[in-house]
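I am opening a notebook page on a protein model, and I will write down what I looked up and in which order. The sequence and the structure come first, and my notes follow.

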Amino acid sequence: MSFVREFIAHLFPQMVRRNDLRLTYTFCLGGLAFTAFLLLLASGLLLLFYYQPTAEGAFASILYLEEHVAGGRYLRSLHRLSSHALLILLFLHTLRVIWTGAYRPPRQLNWLIGFALLCLAVFSGYTGYLLPMDQLALWATQTGMELLHTLPGGGILHAFLVPDGIGGTLSLLRFYALHIVVLPAAMLVLISLHFYRVRKDKGVLPYL
């Protein structure tokens, strides 16, 4: 229960210092990234009503969404642009943390949590890239999968992600499950923990 109370206290603090209200304090990069994440969840939930996670129906469902559903093209563009915004904001947020030294003790744990969030966001964007099942998605995913072989244990990960080849039924289902369930759930947990640690560590920058 203390975790819940401190999480709420972070969102609705009893007192806010004057300097904390300056835009240049954090440039609101963390909050903007969280907003982009919420947009991704909302738009992705709506896309679920039309997308078919099958090798034969995936691309056709995207065409149907864009050509026959009111606002469908806008919805898909919103989801794609929100993913781009999330990655850009997380990258800038990471640079801000490095520049201000906010990764130093006692905030090193929160730095690791934030870095894990960045990695999960990149991987989530990669898993979503295959879902339209067009030529660009197939070849881009193929390139990424080939790069796995250069990493230690990459062959095992490759076999798990694409057991029947790029665009195969099992491969698409695994990318789909990772993209809509596993990775968003993991990111929500880490985001909550990240906010909690900000409050627990008493501030954002090390010289406060």
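Which residues are linked in a network of salt bridges? I found that Glu-66, Arg-73 and Arg-76 are the linked residues, where a salt bridge means a side-chain nitrogen of Lys or Arg within 4 Å of a carboxyl oxygen of Asp or Glu.

Before going further I noted what I am working with. This is a predicted model, in which local features need pLDDT of at least 70 and side-chain atom pairs count only at pLDDT 80 or more, while totals for chains, interfaces and linings use all residues. Residues are numbered from 1 along each chain as its sequence is written, and side-chain values use heavy atoms, with hydrogens and water left out.

Entry on the salt bridges. I looked up the count for the structure and found two. In one of them Glu-66 pairs with Arg-73, and the closest N and O atoms are 3.5 Å apart; in the other, Glu-66 pairs with Arg-76, and the closest N and O atoms are 2.7 Å apart. Because Glu-66 lies in helix 4 and Arg-76 in helix 5, this pair ties together parts that are ten residues apart in sequence.

Entry on exposure. I use buried for under 20% relative accessible area, exposed for over 50%, and partly exposed for what lies in between, with a 1.4 Å probe and protein chains only. Glu-66 has a relative accessible area of 18% and is buried, whereas Arg-73, at 47%, counts as partly exposed.

Entry on helix 4. I then asked which residues of helix 4, residues 58–68, are buried, and I found Ala-58, Ser-61, Ile-62, Leu-65 and Glu-66. They cover an arc of only 130° around the axis, so they sit on the same side of helix 4; the arc is taken from the directions from the helix axis to the C-beta atoms. On the other side of helix 4, Glu-67 and His-68 are exposed. The buried residues of helix 4 pack against helix 3 (29–47), helix 5 (72–100) and helix 9 (169–200).

Entry on the whole protein. I counted nine helices and zero strands, both taken as DSSP runs numbered from the N terminus, with helices being H or I of at least four residues and strands E of at least two. Of the 208 residues in the protein, 36% are buried. Among contacts (heavy atoms within 4.5 Å) between residues at least 6 apart in sequence, 71% join residues at least 24 apart.
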